[in-house]
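Work through the exercises below with the structure open beside you. Try each task before you read its solution.

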Amino acid sequence: MEFTIPWASLFGGMLLGLSAALLMLFSGKIAGISGTIGGLLNPKKNESSWRAAFLTGMILSVIIVTPFGFILPDVSDNNIILVSVAGLLVGFGTRLGNGCTSGHGIIGMGRFSKRSIIATCAFMAAAIIVVLIRRLLGVL
Amino acid sequence: MSQNTIRENKESQITMFKSRMTKSKVIGIFIGLISGLLFGSGMIISGMVNPDKVIAFLDITGNWDPSLAFVMGGALAVFSPIYHFFIKKRKHAISGDKFSWTSNTTIDGTLISGAVIFGIGWGLAGFCPGPVVTSLGGGSNIILAFILSMIVGMVHANQYLAGRFPLPIVGYRKNVCAVEST
């Protein structure tokens, strides 16, 4: 089997790591996206402005990468009801579990936090099983 | 109102503004914006914004696409050394703020069930919070639907954690403690 290293994925991942490291080194904050949004819904003093700035940067980033030929994929073929149910579960689960792929998967795992390692294994396993069930049901 | 009082008013407003914009806040906003731009760029370049790619990564029994493992590997390869060699040795961040990671180390049912519920949602559609926020600029109503329902789900979770909202079967949360946001 032929295998080539997905350089774009590796480089993009390194940017994620760099971003998380900068945010923590300079302002002590955790670049977890679910935590950033959840924190804005439950605002605390002096914790909202950096969160708003961070999300603004994320939304605007498409402007930076478009000239280099990276575009957002077309996602219009997704079922909107399925996507909405998934959104409810993702929102509820990330707040209950205190993090998502970024907060637990990058920052928590990078700090060797036991909680984050367990959480990452749990959500990866759950997602893999759901995809397997979808494959068996023939809806993949 | 005389010219003088207007000027005094303006000056007092400026000093008020200056005292509110502390050094840590300015750094927070500036670095927040820079990190957000880097994070979003990383999401797009790595292909995390493509739900088909995410599902192909999770589909280990099918036509498995391992490329997203390189996203996490690349992120950890950069973040982890910087954390262990530079950040961990500091008492506080460059802005003077405390590091905001949680001191909580207990692995409990709330953490596991939350992670499992998130995983189910992730496997259903292939979207997680980072990529959808990055994709907002794409103008898709699928993304909008996901973000709005995600916010509703977060509000429910916050209410449940605060002991104000009962879940089916589980009921109200029993040992309510302060909700910590990470």
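**Exercise 1. In what order do the elements of chain B run from the N terminus on?**

Solution. Start at the N terminus: the elements run α-α-α-α-α-α-α. Now count by type: chain B has 7 helices and 0 strands. Helices here are DSSP runs of H or I with at least four residues, strands are runs of E with at least two, and both are numbered from the N terminus.

Some ground rules come next. This is a predicted model, where local features need pLDDT of at least 70, side-chain atom pairs count only at pLDDT 80 or more, and totals for chains, interfaces and linings use all residues. Residues are numbered from 1 along each chain as its sequence is written, while chains are lettered from A and ligands numbered from 1 in the order in which they are written.

**Exercise 2. Describe the side of chain A that touches chain B.**

Solution. First, count the contacts. 100 residues of chain A are in contact with 103 residues of chain B. Contact means that C-beta atoms, placed from the backbone, lie within 7 Å.

Next, find the elements. Those of chain A that give two or more residues are α1 (7-27), α2 (33-41), α3 (49-65), α4 (80-96), α5 (103-110) and α6 (114-137). α1(A) gives the most, with 20 residues.

Last, sort by class. This side of chain A has 61 nonpolar, 33 polar and 6 charged residues. Nonpolar covers Ala, Val, Leu, Ile, Met, Phe, Trp, Tyr, Cys and Pro; charged covers Asp, Glu, Lys and Arg; the others, Gly among them, are polar.

**Exercise 3. At what angle do α1(A) and α4 of chain B pack?**

Solution. Two packed helices are described by the angle between their axes and the distance between the axes. Axes are lines fitted to C-alpha atoms, for helices over the stretch in contact, and angles run from 0 to 180 degrees between N-to-C directions.

Read the values: α1(A) and α4(B), residues 67-87, pack at about 30°, with axes 7 Å apart. So α1(A) is roughly parallel to α4(B). The cut-offs are under 35 degrees for roughly parallel, over 145 for roughly antiparallel, 65 to 115 for roughly perpendicular, and oblique for the rest.

Then take the handedness. α1(A) and α4(B) cross right-handed. In a right-handed crossing the near helix is turned clockwise from the far one by less than a right angle; anticlockwise gives left-handed. The contact has 22 nonpolar, 7 polar and no charged residues.

**Exercise 4. Within what distance do the axes of α6(A) and α5(B) come?**

Solution. These axes come within 7 Å and cross at roughly 35°. The crossing of α6(A) and α5(B) is right-handed. Name some partners: α6(A) brings residues including A:Phe123 and A:Val130, and α5(B) brings residues including B:Phe118 and B:Trp122. By class, the contact has 18 nonpolar, 2 polar and 1 charged residues.

**Exercise 5. Is B:Gly114 buried or exposed?**

Solution. Locate B:Gly114 first: helix α5 of chain B, residues 109-125, holds it. B:Gly114 is buried, because 25 other C-beta atoms lie within 10 Å. The cut-offs are 20 or more for buried, 12 or fewer for exposed, and partly exposed in between, with C-beta atoms placed from the backbone. Leaving aside neighbours within four places in sequence, B:Gly114 is in contact with A:Gly93, A:Leu96, A:Gly97 and A:Asn98. Finally, step back to the whole chain: buried residues make up 42% of the 182 residues in chain B.

How values were computed. Two residues are in contact if their C-beta atoms, placed from the backbone, lie within 7 Å.
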